[in-house]
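Here is a brisk report on side-chain packing, ring pairs and helix ends. Keep the structure in view while reading.

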Amino acid sequence: MIGTQGKGWFSGYTYPGATYPFGMVQFTRSYFSPHLGFGINQLSGAGCDHMGNFPVLPLAGELKVSPGDLLSLRAHVSEEKGIAGYYRATINKEIQTELTVTERTGMARFTYPENEGKNTVIIAGGVAATPIEIASIVITGKNSCEGYAEGGSFCGIPTPYKVYFVAEFDADCIESGIWKENKLYKGQTFSEGENSGVFFTFDTREKAAVHYKIGVSYVSVANARENLKSENTAWDFDQVKNAAIERWNHYLGKIEVEGDNEDRKVQFYTHLYHTLIHPNICSDVNGEYMGVDFNVHQSTRTQYTSFSNWDTYRGQTQLMAMLAPDVCSDVVASHYDFAIQSGGGWPRWVMANIETGVMQDDPSTIVVANAYAFGARNYDPRSMLAVMKKEPKTRIHIPRTSSPARG
């Protein structure tokens, strides 16, 4: 929870929700607007509003008015608890919300009060942390929906990536519908545009908990469905949660800290946790990913995005190279693929497949050099240097070093 409170530069711009080490999904309330429900993507530590696509929110009772932009609902989030891979909070002082994740999917457990027999879940398409106009959701059954949305902006710069999703519930609804702006349309199945979304109402008299899971992709709805089917087939929330926690312990356990000051330990492991959230996987389980050229590419290795190189070249790259050299090598290779697809421009500050350009200078070549120097070397550096220097590969010479740490 460190860094999740406060406003602006008096905070850490971090979120309290659930994510997986270097995972595609960040299932969390938005740092920038806690009343917007729980979105499926968010950068940790970024100082401008962004992302927050497909926010989901449980509501007590039947839905009688349009949620609009969600802000008018004035949803109250309290009793927050966050650990690596799991998040819990209370909505409007009565609905317990629990979130967890796999690499490319999110899962929620909404537990409603016993005195309400009918309860609702809303999923917004045309609402995110920044205004978006292009979004669409279609209800495909009594317990499912799918759709896509564009990415809005970051620091005032358009980020028109497309993100797709497929979502399911573990129970059939007794009523569903859509909304658009201030109008509610019960029984309809297709929503689109700004301030739009869908809702499902469930009979919770016999079972108070409703489970929800969502798979995402930056390529297609079909890939989102395949990601969900591959990574999250059952409805065992605790199993998914425990697997996420175990994966985090794998990484956090790479450094063992001893000492008598528990506060310092909490600070250390929280900061280590933050360094392992980004960069993020952007390729699907079938190896496809959306390139900077807006073409779908196929890769035999994992592709990454969320490069904040102006912020990370000083230390995070080196730490990642030592703790996760396989991941760091794929991150470097993803830089190279980005440069090839963009005609030679190396990524500096990337969100999904969009170069935002919010920071200047040339940190990315330093990222590659530091990754190599600190032991992440599962790629061909000669090809990268050829692109960097725009010289033929045969003219590049890399001297052999005796120590990876010294470069």
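## Asn119 and its surroundings

Leaving aside residues up to four places away in sequence, Asn119 touches Leu59, Ala60, Gly61, Tyr112, Phe200, Thr201, Phe202 and Thr204. The model is predicted. Asn119 belongs to strand β9, residues 118-124. Its relative accessibility is 0%, so Asn119 counts as buried.

One of these neighbours also makes a polar contact. The side chains of Asn119 and Thr204 meet at 2.7 Å.

## Aromatic pairs

The model holds 15 aromatic pairs. One of them joins Tyr86 and Phe237: the ring centres are 6.3 Å apart and the planes stand at 70°, so the pair is edge-to-face. The cut-off for that class is over 60 degrees. Tyr86 lies in strand β6 (residues 86-91) and Phe237 in helix α2 (residues 237-252). The pair thus links distant parts of the chain, 151 residues apart. Tyr86 is buried, with a relative accessible area of 5%. Phe237 counts as buried too, at 1% relative accessibility.

A further edge-to-face pair is formed by Tyr161 and Tyr218, with 5.8 Å centre to centre and 65° between the planes. Here both partners sit in loops. Tyr161 is in the loop between β13 (157-158) and β14, while Tyr218 is in the loop between β19 and α1. This pair also connects distant parts of the chain, 57 residues apart. Both Tyr161 and Tyr218 are buried.

## Charges over rings

The charged end of Lys213 sits over the ring of Trp235, 4.2 Å from the ring centre. The charged end of Arg377 sits over the ring of Tyr372, at 4.1 Å from the centre.

## Helix α1

Which residues of helix α1 are buried? In this helix, residues 221-231, they are Val221, Asn223, Ala224, Asn227 and Leu228. They cover an arc of only 165° around the axis, which puts them on the same side of α1. What covers these buried residues includes strands from several parts of the chain: β8 (105-111), β11 (144-150), β14 (162-169), β19 (209-217) and β21 (288-290).

The N-terminal end of α1 is capped by Ser220. A side-chain oxygen of Ser220 lies 3.0 Å from the backbone nitrogen of Asn223. Asn223 is also among the buried residues of α1.

## Helix α7 and what follows

Helix α7 spans residues 363-373. Its buried residues are Pro363, Ser364, Val367, Val368, Asn370, Ala371 and Ala373. Just after α7, Gly375 takes a positive phi of about 110°.

Strands β15 (residues 175-180) and β16 (residues 183-186) run antiparallel and are joined by 4 bridges. Lys180 has Lys183 in β16 as its bridge partner.

How many residues lie between the strands of this hairpin? There are 2. In the hairpin, Glu181 takes a positive phi near 55°.

Note on methods:
Residues numbered from 1 in each chain as written. Predicted model: local features only at pLDDT ≥ 70, side-chain atom pairs only at ≥ 80, totals over all residues. Heavy atoms only, no water. Buried < 20%, exposed > 50% of the residue type's maximum accessible area, 1.4 Å probe, protein only. Arc of directions from axis to C-beta. Contact = heavy atoms within 4.5 Å. Polar contact = N/O pair within 3.5 Å; in protein donor to acceptor, adjacent residues only side chain to side chain. Phe/Tyr/Trp six-rings, centres within 6.5 Å; stacked < 30°, edge-to-face > 60°. Lys NZ or Arg CZ within 6 Å of the ring centre and 35° of its normal. Pairing = 2+ DSSP bridges.
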